[in-house]
Amino acid sequence: MTQRRVLVTGGAGFIGSHVVDALLARGDEVLVIDDLSTGARGNLGDAVECRTVDISDGPELGRAVEGERFDSVVHCASRTKVVESLEKPDLYRRVIVDGTRNVVDAALATGARDLINLSTGGAIYGETPQCATEETPLRPASPYGEFKADAERIVGDAGLRSVTLRLANAYGPRQRRDLEGGVIAIFLGAWQRHEPLTVYGDGTAERDYLFVDDIAAAVTAALDADVMGVYNIGTGVPTSVLALIEVMSEVLGPPAAVRHAPRREGEIQRSCVDVSRAGRDGLWRPRTSLREGIERTARA
Ligand SMILES: NC(=O)c1ccc[n+]([C@@H]2O[C@H](COP(=O)([O-])OP(=O)(O)OC[C@H]3O[C@@H](n4cnc5c(N)ncnc54)[C@H](O)[C@@H]3O)[C@@H](O)[C@H]2O)c1
């Protein structure tokens with residue numbers, strides 16, 4: 001494996017910062033582009049260069065990478081909140097659709113050979129009675145999901161070797177508790193403060209919980225492999241909220257209390273991705289069990 005110079009957009013965020021760590025650990029050189037809207041400089045080591053740039057501003061991004069050469073680009077920058085995307089669709093279109101177009105232009109202008117794009121399983125497949133394969137028709141139920149599907153097409157048409165990773169529900173160290181989605185981060189916070197957990201609905205809603213280091217490993221595998229196209233990245237195992245609480249209780253002891261609240265409008269019952277393609281193509285397999293991932297997150 002040769003050393004690469006990699007541009008990581010959104011590298012100061014939750015997943016992006018773990019991608020940066022994985023790249024540095026194998027000797028790659030990294031430049032981060034991030035507007036720090038939800039990311040934080042503190043997620044990155046002091047030695048990592050981070051330029052504060054809004055990817056939706058094409059000229060600004062162009063200036064930020066002018067004269068640079070990269071082997072590869074990993075595109076993690078995005079707005080990521082489903083509910084906020086319903087309230088601010090223009091912002092989400094600008095960042096996700098225009099932003100991805102600008103990142104493709106930056107990749108081409110800096111000589112990058114490959115582009116790894118982080119996308120979403122949950123928000124673009126919608127309700128999945130069986131774990132969704134890459135052939136499952138897309139049914140995004142929010143502007144966030146729609147624009148992420150648009151971004152996938154932009155990346156696919158870029159004329160580079162591109163790989164889009166459709167991620168399941170990520171969790172792990174550095175995940176923010178104040179953002180929607182990260183139920184494990186939210187529950188861990190409640191556990192640590194001895195506060196009751198709130199379960200929306202009856203707790204049977206299922207998600208595919210994926211440890212963040214496994215995502216970083218999928219990104220480095222996608223950089224190294226000779227593959228293209230779309231891959232689901234998850235565990236292939238749906239876990240209900242009640243089952244999640246059980247595993248967390250085994251690791252952390254019993255919670256202070258469990259409170260039930262009405263099911264939230266628009267919440268899907270089951271979201272899970274089938275990861276056979278990534279395994280079949282020798283690209284990647286999930287490694288971290290839910291229990292181990294929770295232990296590692298709680299310890300961090
Ligand atoms: N967390 C999950 O469960 C999950 C699931 C599926 C897909 N994803 C995808 O993974 C990627 C990373 O998500 P995350 O969970 O780490 O979220 P995050 O909010 O922690 O990271 C996103 C990063 O992008 C930056 N950013 C946002 N808008 C920007 C802009 N206009 N210009 C430059 N930088 C900008 C943010 O500051 C942040 O650092 C996203 O593409 C997201 O859609 C995440």
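How are α4 and α6 oriented to each other, roughly parallel or roughly antiparallel? In this predicted model, the axes of helix α4 (residues 89–109) and helix α6 (residues 143–156) come within 9 Å and cross at roughly 15°. Because angles under 35 degrees count as roughly parallel, α4 and α6 are roughly parallel to each other. The crossing of α4 past α6 is right-handed. On the α4 side, the contact involves Pro 89, Tyr 92, Arg 93, Ile 96, Val 97, Thr 100, Arg 101 and Val 104, which meet Pro 143, Tyr 144, Phe 147, Lys 148, Asp 150, Ala 151, Ile 154 and Val 155 of α6. Eleven residues of this contact of α4 with α6 are nonpolar, one is polar and four are charged.

Helix α1 (residues 14–25) and helix α8 (residues 212–224) have axes that come within 9 Å and cross at roughly 60°, which makes α1 oblique to α8. Here α1 passes α8 in a right-handed crossing. The contact is formed by Phe 14, Ile 15, His 18, Val 19, Asp 21, Ala 22 and Leu 23 of α1, together with Val 212, Asp 213, Ile 215, Ala 216, Ala 217, Val 219 and Thr 220 of α8. The residues of the contact of α1 with α8 comprise ten nonpolar, two polar and two charged.

Leu 290 lies in helix α11 (residues 290–299). Leu 290 is buried, since 20 other C-beta atoms are found within 10 Å. Neighbours within four places in sequence aside, Leu 290 is in contact with Tyr 209, Thr 239 and Val 247. The C-alpha atoms of Leu 290 and Asp 274 are 17 Å apart in space, with a separation of 16 residues in sequence.

Technical notes: Residues numbered from 1 in each chain as written. Predicted model: local features only at pLDDT ≥ 70, side-chain atom pairs only at ≥ 80, totals over all residues. Helix = DSSP H or I, 4+ residues; strand = E, 2+ residues; numbered from the N terminus. Buried ≥ 20, exposed ≤ 12 C-beta atoms within 10 Å, placed from the backbone. Contact = placed C-beta atoms within 7 Å. Axes fitted to C-alpha atoms, helices over the stretch in contact; angles between N-to-C directions. Parallel < 35°, antiparallel > 145°, perpendicular 65-115°, else oblique. Left-handed = near helix turned anticlockwise from the far one by under 90°. Nonpolar A, V, L, I, M, F, W, Y, C, P; charged D, E, K, R; others polar.
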